[in-house]
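Subject: Structure handover

Hello,

Here is the structure you asked for, followed by notes on what turned up in it. Please read the notes with the structure open beside them.

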Amino acid sequence: MPSQGRKFIVIGGAGLVGSAVARHLADDGSAHVIICDQLGSSGSGKWANLPAKMADLWAPDDLMKHLDRAWREVAGVLCFADAGHSAGDVDALFETSYHLPRRVWDYAVAKQRAIYWASSMQVYGDATPDLSTDPNVIAGFQPKTAFGRAKQAFDYFAASLGTGPDAAPIATGFRLASVYGQGEGHKGALASLPHRALEHAGADRPLTLWEASRDWVHVEDAANVIAQIVLQGHAGFFDVGSGSLTSATAVAKASEVATGKALAIETRSAPADVCAHQTAAADHSALEKLGLAYTFRTMEAGLSSL
């Protein structure tokens, strides 16, 4: 029987980031991980992301019922469910990025449990990263995408409650850079550029891309940092990224190095709903202040490991 207070519920725990975080938590040995997610069709391969040490699997529709029943054993809930932010369904995006964590927040406050959520570095827009918990600072960000705006909305909500009576005992937002790695095959056209570049290079297929610079982070590096923060019970906002920007051209070249094959590239203008360039790279000051152990691999090293 899992020890009291060490169960972590990972909503979206079969997705790219959620599954990696769940594995790191379970492998620690002191935590028992329950996954709450939809798996879709067998052909999507999402089922393969489920961690071997999964203590239980909950259907999303039964989440609140299970939480009410098992709350005494739950240490915290991690909200890592994301609608595809280029799919055009803004209502679905706000459901997973705002309304769902908002419901979990009420549970966390009522039961005095920790809540962790996946935010995004897209909240910053062109602003310099700022990890302040001051809601006025967060309100001053100007995200350029609906995805960034949805993440900003929940960050602001959480920060505005501060440490008052309607606050969770531990509230932690992870502002993720652009994540890539093993376990995103189910995302189809929404898979990351590094994933698609590696796939196209390996299959000798041309890749269409637009020039863009982003902070790319390997999912295992991101999960390592997130799991440490969760297990140690730290609160606040944390940037989770490599700390440097990598161009789309550099990603394509890294895929050639990883596969040993030339990649034919077809360039075009960025779609209207895509933030082509990001000027913000992750700020590691909060990680350094806590003395966390972390490394962020280069794009070449990251793709070579897949």
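Ile-9 stands opposite Ile-34 in S2. That pair belongs to the pairing of S1 with S2, two strands that run parallel and are joined by 5 bridges. Please keep in mind throughout that this is a predicted model.

The sheet

S1 and S2 are part of an open sheet of 7 strands, paired in parallel and ordered S3-S2-S1-S4-S5-S6-S11. Its edge strands are S3 (54-58) and S11, each of which pairs on one side only. On average, neighbouring strands of this sheet are turned by 20° against each other, with direction ignored.

Ile-35 has Leu-57 in S3 as its bridge partner. S2 itself is mostly covered, with 4 of its 5 residues buried.

H5 lies across S5 (114-120), S6 and S11, and runs at about 150° to S5. H7 (residues 219-232) also packs on the sheet, where it touches S1 (7-11), S4 (74-79), S5, S6 and S11. The direction of H7 makes about 170° with that of S6.

H3 against H5

The axes of H3 (residues 90-111) and H5 (residues 146-161) come within 9 Å and cross at roughly 15°. Angles under 35 degrees count as roughly parallel, so H3 is roughly parallel to H5. Their crossing is right-handed. On the H3 side the contact includes Leu-93, Phe-94, Tyr-98 and Trp-105, and on the H5 side Phe-147, Phe-154, Phe-157 and Leu-161 are among the residues involved. The residues of the contact of H3 with H5 divide into 14 nonpolar, 1 polar and 3 charged.

Pro-51 is in the loop between S2 and S3. Its relative accessibility is 5%, so Pro-51 counts as buried. Leaving aside residues up to four places away in sequence, Pro-51 touches Gly-13, Ala-22, Arg-23 and Ile-35. Pro-51 and Arg-23 are 28 residues apart in sequence, yet 5.5 Å apart in space from C-alpha to C-alpha.

Gln-112 is in the loop between H3 and S5. Although Gln-112 is not a glycine, it has a positive phi of about 55°. With a relative accessibility of 44%, Gln-112 counts as partly exposed.

Asp-204 sits in the loop between H6 (193-202) and S8 (207-209). Asp-204 is not a glycine either, and has a positive phi of about 55°. Is Asp-204 buried or exposed? Asp-204 is exposed, at a relative accessible area of 55%.

Regards

Note on methods. Residues numbered from 1 in each chain as written. Predicted model: local features only at pLDDT ≥ 70, side-chain atom pairs only at ≥ 80, totals over all residues. Heavy atoms only, no water. Axes fitted to C-alpha atoms, helices over the stretch in contact; angles between N-to-C directions. Parallel < 35°, antiparallel > 145°, perpendicular 65-115°, else oblique. Left-handed = near helix turned anticlockwise from the far one by under 90°. Contact = heavy atoms within 4.5 Å. Nonpolar A, V, L, I, M, F, W, Y, C, P; charged D, E, K, R; others polar. Pairing = 2+ DSSP bridges. Buried < 20%, exposed > 50% of the residue type's maximum accessible area, 1.4 Å probe, protein only.
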